[in-house]
Amino acid sequence: MAAKGGASNFEKEQMFGMAEKEMEYRVDLFNRLTQTCFEKCIEKRYKEAELNMGENSCIDRCVSKYWQVSLLIPFLFADSFYAYSIA
Amino acid sequence: MASPEPSAAGAGAGGESSSQAAAVEPIRMPTAEEIKGQDIWNNCAVRSVVSGVMGGGLGVLMGLFFGALDNPIMAEEMTARQQIVYTAKQMGRRSISNAKTFAVMGLIFSAAECVVEKARAKHDTTNTAVAGCVTGGALAVKGGPKATCIGCAGFAAFSVAIEKFFDRHT
């Protein structure tokens, strides 16, 4: 990022590749989150079209926990990777 | 974060389906107002107050009906007009007392069911049973512990039966 004035093609491609990977990761995270919380929280026999209150609070909790875990694990992974590389 | 993906998915699905048949509409995410409008009904206080008001209305109707039926009219002393006035007053008194009872019942039942369902995060008949027990116990608490237990069990059974009766039609 310090050599931004040069605008080399390779750097642009690298950034584009990283952004693409990041986008794929985000989309995959969203899809997994949706599928996990749907299977966990929503009853299979549909009685009405709208979410009732139990399902609503279940989805709130499920999404919150999933998001916390998905933010926590990269930190733990980075820490253990760093400790492993210097040990 | 989530806004690019669903709209892309919706547009993709819309493009695909509109090429096949014009009858299928693309998926439309709810607007903020729609979400807020649905969220109002998720609030326990709002829900219990609305239930209490509906219970009060039901109590008024029941009081009018049964107050009109229940008349020890002393026919010798009063004229027709006085009979009507007496009956009307009796209907009013009875409907107000019924309205209060039913309003309190509806409020407690709805509040208990809402709180239990939010805590358990499940939609079950257990919620109805617990709420019925709390309501029956609260209404019968003046009669002592035994009356409270009987009221709890009775009202829980009644509310589960009503729930199953309405659920069969769904």
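Modeller: Domain bounds here come from an automatic or database domain assignment. The model is predicted, so local features need pLDDT of at least 70 and side-chain atom pairs count only at pLDDT 80 or more, while totals for chains, interfaces and linings use all residues. Residues are numbered from 1 along each chain as its sequence is written, chains are lettered from A, and side-chain values use heavy atoms, without hydrogens and water.

Colleague: What makes up the domains of chain B, and how far apart do their C-alpha centres lie?

Modeller: Chain B is divided into domain 1 (43–121) and domain 2 (124–169). The C-alpha centres of domain 1 of chain B and domain 2 of chain B lie 19 Å apart.

Colleague: Why is the pair B:Arg120 and B:Asp124 called a salt bridge?

Modeller: A salt bridge needs a side-chain nitrogen of Lys or Arg within 4 Å of a carboxyl oxygen of Asp or Glu. The side chains of B:Arg120 and B:Asp124 meet at 3.3 Å, N to O, so the pair qualifies. Between domain 1 of chain B and domain 2 of chain B the count is 1 salt bridge.

Colleague: What area is buried between domain 1 of chain B and domain 2 of chain B?

Modeller: About 940 Å², of which carbon and sulfur atoms give 74%. Buried area is the accessible area (1.4 Å probe) that two parts lose on being put together, summed over both. B:Met105, B:Phe109 and B:Arg120 supply 50% of what domain 1 of chain B buries against domain 2 of chain B.

Colleague: How do you know that A:Cys41 is in contact with A:Cys58?

Modeller: Contact means heavy atoms within 4.5 Å. Leaving aside neighbours within four places in sequence, A:Cys41 has such contacts with A:Glu55, A:Cys58, A:Ile59 and A:Cys62.
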